[in-house]
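Good morning, colleagues. I would like to take a few minutes to go through one structure with you. Please have the display in view as I speak.

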Amino acid sequence: MPGAKGAGAESAAAEIYDAIIVGAGFAGMYMLHRLRDDMGLSAHVFEAGSGVGGTWFWNRYPGARVDIESQEYSFSFSEELEKDWHWTERYSAQPEILKYANHVADRFDLRRDISFNTRVASAIYEEATGLWRITTEDGRIATARFCIMATGCLSAAKTPDIPGAGQFEGETYSTATWPTGGVDFKDKKVGIIGTGSSGIQTITTIAPEVGELVVFQRTPNFSVPAHNGPLKPEITRDWLNHREAYRKEQRESGVGILALQPREELTLDVPEQEREQEFEMRWAKGGFCLGAAFADLGIDPAANNELVSFVTEKIRGIVKDPETADRLTPKTYPIGAKRLCVDTGYFEVYNQDNVSLVDLTATPIETITSTGIRTSERDYDFDAIIFAIGFDAMTGALDRIDIRGRGGLRLHDKWSAGPLTYLGLMVSGFPNLFLVTGPGSPSVLSNMLVSIEQHVDWIADCIQNLGQRQLSTIEATPAAESEWVAHVNEVAAGTLYMQANSWYLGANVPGKPRVFMPYVGGVGVYREKCDEVAANDYEGFELARAPDA
Ligand code: NA7
């Protein structure tokens, strides 16, 4: 096996590495580069897909596009990489991001240490040796001192939780596992369930070509225009000229995105007309900056209402049919409490004659039939149904692996009432198991590339530090873990995030504990905390020599 040092003593078939990484998205790729190329460790990646890219490998649905400006949603660790790569659009589309992921893999010669088409079934900690034993679904066994889960936050797609889901005899698609060659919807009758980012991007892109499109909406979403377009050369030039300063600013910011600087005043301290102008200016600029106009929008309900009214008016102004506009307007939660969508003409689509909207709160789906979808009101027949129903976010991918720590404790059981981590990086009882952008870290509330780099660097530095001191084990203490979880909850409790049934809270998966999973404290504050912990000799962790070391 590439990268393997030889057969293990406990099993003739086992491959042995210093570190095993699960997942070859941006996190797994950078982790491999750090451990192998910078530190000279033997590291190996297991990846379920047939190529690199993670989220961007799987989510090939029409219109899939990042909602953060391209130059900001890219690696910063290599100046040469950054200078050689040219993004073509303000917000890159999935094919270009996947091309970038492949470019990174080629450039750093990563593929030779990645096993593709290989899904990890279990990761078991062996207390006698202090090693992790990884088993893949196709029967490979590998052991390593360190196991790094780079499994992604939005990688476990929900399976349709709708009666009759398997009965439909036409074409069925899921945005999260879209066919590689694309799909021709020309003149077809298409039904789509789900109006999150994936649904909104798909709807907007296929609406011009389908014969008829019926959108089944359970909860309307707030969406703001991206104003996407070719990336202007002067922006790229400016970025490259000031990249160090910009990167520093990103790392020290709230969510790792530069354009999100709020005004200094609070929302209601600004005169109404000026407030409107601020919102208008940000709406015209495009993207998330509208949601970040004032620092209290995510905390103060009255402030939040101002922005809700602004966006509601925008929807009414765009959608010609007042009834459809009303159904498209969110009324049950604060703006930003569910992930804000960034679109390219989404609300405009409902002015097309071939597009209609079904409000599932008024007429719920009763069942999927062999020919289409039956709501409480009527039957709809389709050639194709698209499921854009989201993910078992943040914990789903980990939950689908049988992970066991000390005493055979299953992570699934430990997390039965919600995820417990120290810093979103490690779990007490699971020594040397690292999570990249795990629950309890800023992760999905931030620019993922910024958070991934921070975690990978912290983990790599930690492993190096252990090696230099001839230590081989690091484990979060139960006390540090409890304290961190309490802090994560406390910070979230002070925000409006708690007022929506979002995937941040696990509310989109029946039976999942309602716990706010990401850390709202901000990437800059969080980075400082992580650095401080490391500087204080890994405060909150126990460091030790492994049994056989
Ligand atoms: P999301 O944002 O979770 O959206 C899923 C959508 O599917 C959402 O509108 C759901 O309604 C809807 N849904 C889920 N299950 C059902 C059922 N059973 N019936 C009807 N409608 C349903 O996932 P996305 O893939 O769009 O986006 C995920 C993230 O990727 C996004 O936030 C960006 O960060 C990128 P609900 O709101 O639960 O009522």
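This is a predicted model: local features need pLDDT of at least 70, side-chain atom pairs count only at pLDDT 80 or more; totals for chains, interfaces and linings use all residues.

Let us start with the ligand. There are 20 residues around the ligand, and those that come nearest are Asp161, Ser198, Arg218, Thr219 and Lys338. How many residues of each class does the shell around the ligand have? Sorted by class, the shell consists of 8 nonpolar, 7 polar and 5 charged residues.

For threonine 219, a polar side-chain atom is placed 2.4 Å from an oxygen atom of the ligand. For lysine 338, an N or O atom of the side chain is 2.9 Å from an oxygen atom of the ligand. With alanine 388, it is the backbone that takes part: one of its N or O atoms lies 3.2 Å from an oxygen atom of the ligand. As for cover, the ligand on its own has 770 Å² of accessible area, and the protein covers 88% of that.

I turn next to the sheet of 5 strands. This sheet is open, its pairing is parallel, and its strands follow the order β7-β16-β8-β9-β12. Which strands form the edges? They are β7, residues 171-174, and β12, residues 355-359, each of which pairs on one side only. From one strand to the next, the twist averages 20 degrees.

Within this sheet, consider β8, residues 189-193, and β16, residues 384-387, which pair in the parallel sense over 4 bridges. Valine 190 has alanine 384 in β16 as its bridge partner.

Strand β14, residues 372-375, pairs with β15 in the antiparallel sense over 3 bridges. What is the bridge partner of arginine 374 in β15? That partner is aspartate 379.

Thank you for your attention.

How values were computed
Residues are numbered from 1 along each chain as its sequence is written. Side-chain values use heavy atoms; hydrogens and water are left out. A residue is near a molecule or strand if one of its heavy atoms lies within 4 Å of it. A polar contact is a pair of N or O atoms within 3.5 Å; within protein, one must be able to donate a hydrogen and the other to accept it, and residues adjacent in sequence count only if both atoms are side-chain atoms. Accessible areas come from the Shrake-Rupley method with a 1.4 Å probe; for residues, only the protein chains shown count as cover. Ala, Val, Leu, Ile, Met, Phe, Trp, Tyr, Cys and Pro count as nonpolar, Asp, Glu, Lys and Arg as charged, and the others, Gly among them, as polar. Two strands pair if DSSP finds at least two bridges between them. Helices (H or I, at least four residues) and strands (E, at least two) are DSSP runs, numbered from the N terminus. Axes are lines fitted to C-alpha atoms, for helices over the stretch in contact, and angles run from 0 to 180 degrees between N-to-C directions.
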